[in-house]
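Q: I am new to this structure and would be grateful for a close look at a single part of it.

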Amino acid sequence: FRSNLKSEVARRAADTNPEQAQQELQEISELTRLALAEVRSTVTRMRTPTFAGELQAARRALETRGITPHLPERLTSPGKHDTVFSWGLRELTTNVVRHSGAHNCWVSITGNRLQVTDDGCGFSSDISQNTGGGLAGLRERVEAAGGQLVLSRERGVSTALITMDSTAEETTQ
């Protein structure tokens, strides 16, 4: 918006005040470079998310929806599992926000496990029958990375566990 106004000022000043027009064009160029850098940064984060960035995004999304987030206070870096856990956190919290009707969402992480738990309505579809995006797509990503996605529902609590080790025992909060 700002560059549009500046271009209008530069157009009007081109004949009467060439120095002002030149200054406005220089500022437009700087604004354009800054906007392009921001877009590139956003696209890079979308293509290869970081766990720290996804944790911040999860907090914002959950709070915006009125769901109380219970996230790790100190970030335990997922290390070699950063990418798969980042995608997992994004998809699982999106699922909680869009479908669960939850009041609370808990996220816990260890070196080889990411667990997202909520007190919502549970999983609405069999992901083995669902191909493409969502939980089915996440399962494919996790399995391609050598892990497992385990979904469970017990005592009014839904849990999604991504485990990158050989055991997929359910962990507790």
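In which sense do strand β2 and strand β3 pair, and over how many bridges?

A: The model is predicted, so local features need pLDDT of at least 70 and side-chain atom pairs count only at pLDDT 80 or more, while totals for chains, interfaces and linings use all residues. Residues are numbered from 1 along each chain as its sequence is written, and side-chain values use heavy atoms, with hydrogens and water left out.

Strand β2 (residues 104-109) pairs with strand β3 (residues 113-118) in the antiparallel sense, over five bridges. Strands here are DSSP runs of E with at least two residues, and helices are runs of H or I with at least four, numbered from the N terminus; two strands pair if DSSP finds at least two bridges between them. The bridge partner of S108 is Q115 in β3.

Helix α3 (residues 51-64) packs on the sheet and touches β1, β2 and β3, where contact means heavy atoms within 4.5 Å. The direction of α3 makes about 150 degrees with that of β1; axes are lines fitted to C-alpha atoms, for helices over the stretch in contact, and angles run from 0 to 180 degrees between N-to-C directions. Helix α4 (residues 82-100) also packs on the sheet, touching β2, β3 and β5 (157-163). Its direction makes about 5 degrees with that of β3.

The two helices, α3 and α4, pack at an angle of about 5 degrees, with their axes 9 Å apart. This makes α3 roughly parallel to α4, a term for angles under 35 degrees.

Key
Angles under 35 degrees count as roughly parallel, over 145 as roughly antiparallel, 65 to 115 as roughly perpendicular and the rest as oblique.
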